[in-house]
Amino acid sequence: MKEIIIGLISGIVGGLGMGGGTVLILLLSMFANIEQHIAQGTNVIFFVPTAIAAIFVFIKNKNIKFKVGIPVCLWGLLGAFIGASISSNMEVGILRKCFGIFLIIIAIYQTYSLYKRYRNEKNRNNSIK
């Protein structure tokens, strides 16, 4: 039952385009007691079908710029190969710490982005009055 709930939550977050894989790795390692390397590998298996589903929806809604997407995808494949090679040779403890630092950086960035958006909307509303 845990796996179903974790998959559902990660799929919804991934479908929204907000990094369901990050959520999946976190949930698998914290609540399903799966080792970090296994959680990251499972994320790769999870990512492919959910990404394909999301791609079809985004293409249907004309929300993809292929001139940007194709080069980013190709360089992303190279980065994924390099990252997978590095992480598969790391100790689990170091990998968990790196992933934790990554999550902290993402949280700071997201918080800053929300604050910036709030501040811009507040300034826009004050200028309209």
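Read along the sequence, the protein chain runs α-α-α-α-α. That makes 5 helices and 0 strands. The model is a predicted one.

**Overall form**

The protein chain has a radius of gyration of 18 Å. The globule rule gives 14 Å for 129 residues, and the value here is well over that, so the chain is more spread out than a compact globule. Along the principal axes, the C-alpha atoms fill a box of roughly 55 × 35 × 30 Å.

Of the 129 residues, 16% count as buried. The accessible surface of the chain comes to about 10,100 Å². Carbon and sulfur atoms own 71% of that surface.

Contacts across the sequence complete this overview. Take the contacts in the chain with a separation of 6 or more: residues 24 or more positions apart account for 48% of them.

**The nonpolar core**

The largest nonpolar core has 9 residues in all. Its members are Ile-6, Leu-24, Ile-25, Leu-27, Leu-28, Ala-32, Ala-39, Phe-46 and Phe-99. Two elements give two or more residues to this core: helix 2 (20-31) and helix 3 (36-60). Helix 2 gives the most, with 4 residues.

Leu-27 is one of the core residues. Leaving aside residues up to four places away in sequence, Leu-27 touches Ile-6, Ile-9, Ser-10 and Ala-32. Ile-6 and Ala-32 are also listed in the core.

**The nonpolar surface patch**

Helix 3 and helix 4 (66-88) each supply at least two of its residues. Helix 4 holds the largest share, at 4 residues.

Phe-58 sits in helix 3. Ile-59 has its place in helix 3 as well. Phe-58 counts as partly exposed because its relative accessibility is 32%, between the 20% and 50% limits. Ile-59 is partly exposed too, with a relative accessible area of 38%.

Phe-58 also gives a length along the chain. Its C-alpha atom and that of Ile-38 are separated by 30 Å.

**Two loop residues with positive phi**

Which backbone angle picks out Asn-33, a residue that is not a glycine? Asn-33 has a positive phi of about 50°. Asn-33 lies in the loop between helix 2 and helix 3. Lys-62 has a phi near 55°, again a positive value in a residue other than glycine. Lys-62 is found in the loop between helix 3 and helix 4.

Lys-62 counts as exposed at 75%.

**Accessibility of the named residues**

| Residue | Relative accessibility | Class |
|---|---|---|
| Phe-58 | 32% | partly exposed |
| Ile-59 | 38% | partly exposed |
| Lys-62 | 75% | exposed |

Methods. Residues numbered from 1 in each chain as written. Predicted model: local features only at pLDDT ≥ 70, side-chain atom pairs only at ≥ 80, totals over all residues. Heavy atoms only, no water. Core = buried A, V, L, I, M, F, W, Y, C linked by side-chain atoms within 4.5 Å. Buried < 20%, exposed > 50% of the residue type's maximum accessible area, 1.4 Å probe, protein only. Contact = heavy atoms within 4.5 Å. Rg over C-alpha atoms; globule rule 2.2 N^0.38 Å. Areas by Shrake-Rupley, 256 points an atom, 1.4 Å probe, with all protein chains shown as cover.
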